[in-house]
Amino acid sequence: MAGLFFIFVAMNKYLVVGLGNIGVDYAHTRHNIGFDVVDAFVYKQAISFHIDRLAEVAELKIKGRPVVCIKPSTYMNLSGKAVKYWQDKEHIATENILVVLDEVALPLDKLRIRPSGSSGGHNGLKSIEEYLLTENYPRLRFGVGNNYPRGMQVEYVLGKWSPEELPLVQKKTAVCTELIETCILQGIAPAMNQFNKLSITL
């Protein structure tokens, strides 16, 4: 009976991962939108982060479902090290890991949640795949657009939002917190149906 209870808890426990880089130089850049979305999700629950191994961590419950939220302190290229550690520590099923990241292939008014997929060249996802040995984990891609000259992608994603972009970014961040809740409470398929077709405007 105890074993069955443990399996039930593991299947209903979630790990929400915001991707980004630590340090003030990276704060609130396009590449750190994963941190900002997970911040907003945690603060919405009136919870705060604490510093722990390989990450800032917050633990909460959504209608009784345990959720561990992390912001890796490993820098983007080693994000998988933190994800694997916290997955193992909390005994979380791979399909219950949700990774939030920036996506230049999506315009600013779009977001996309998928149950699996390739890294698309994103270093954070590459690292996670290396540590988890699979691409089969959910990811929420936050469109940041690609309004940059050829050869300037790195400078663009490591840059700050423009004053014109910020109001839409803040609104979309709030939508992402609703999406995460929907994913946890209803599953990824309903979240995809509800949010993937949205065009978020002011």
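**Figure 1. Packing of helix H3 in the predicted model.** The buried residues of H3 pack against strands E1 (14-18), E2 (50-52), E3 (55-62), E4 (65-72) and E5 (97-103) and against helix H4 (123-132); contact means heavy atoms within 4.5 Å. Helices (H or I, at least four residues) and strands (E, at least two) are DSSP runs numbered from the N terminus. This is a predicted model, in which local features need pLDDT of at least 70 and side-chain atom pairs count only at pLDDT 80 or more, while totals for chains, interfaces and linings use all residues. Residues are numbered from 1 along each chain as its sequence is written, and side-chain values use heavy atoms, with hydrogens and water left out.

**Figure 2. The buried face of H3.** Ser79, Gly80, Ala82, Val83, Trp86, Gln87 and Glu90 of H3 are buried (under 20% relative accessible area, 1.4 Å probe, protein chains only). Seen down the helix axis, these buried residues fall within an arc of 160°, so they line one face of H3; the arc is that of the directions from the axis to the C-beta atoms. His91, which follows H3, has a positive phi, near 55°.

**Figure 3. The largest nonpolar core.** Phe41, Val67, Cys69, Leu140 and Ile180 touch the most other members among the 36 residues of this core, a set of buried Ala, Val, Leu, Ile, Met, Phe, Trp, Tyr and Cys residues joined through side-chain atoms within 4.5 Å. Helix H6 (residues 166-186) gives the most to the core, with eight residues. Leaving aside residues up to four places away in sequence, Ile180 touches Val16, Val37, Phe41, Leu98, Val100 and Leu140.

Notes: Buried < 20%, exposed > 50% of the residue type's maximum accessible area, 1.4 Å probe, protein only.
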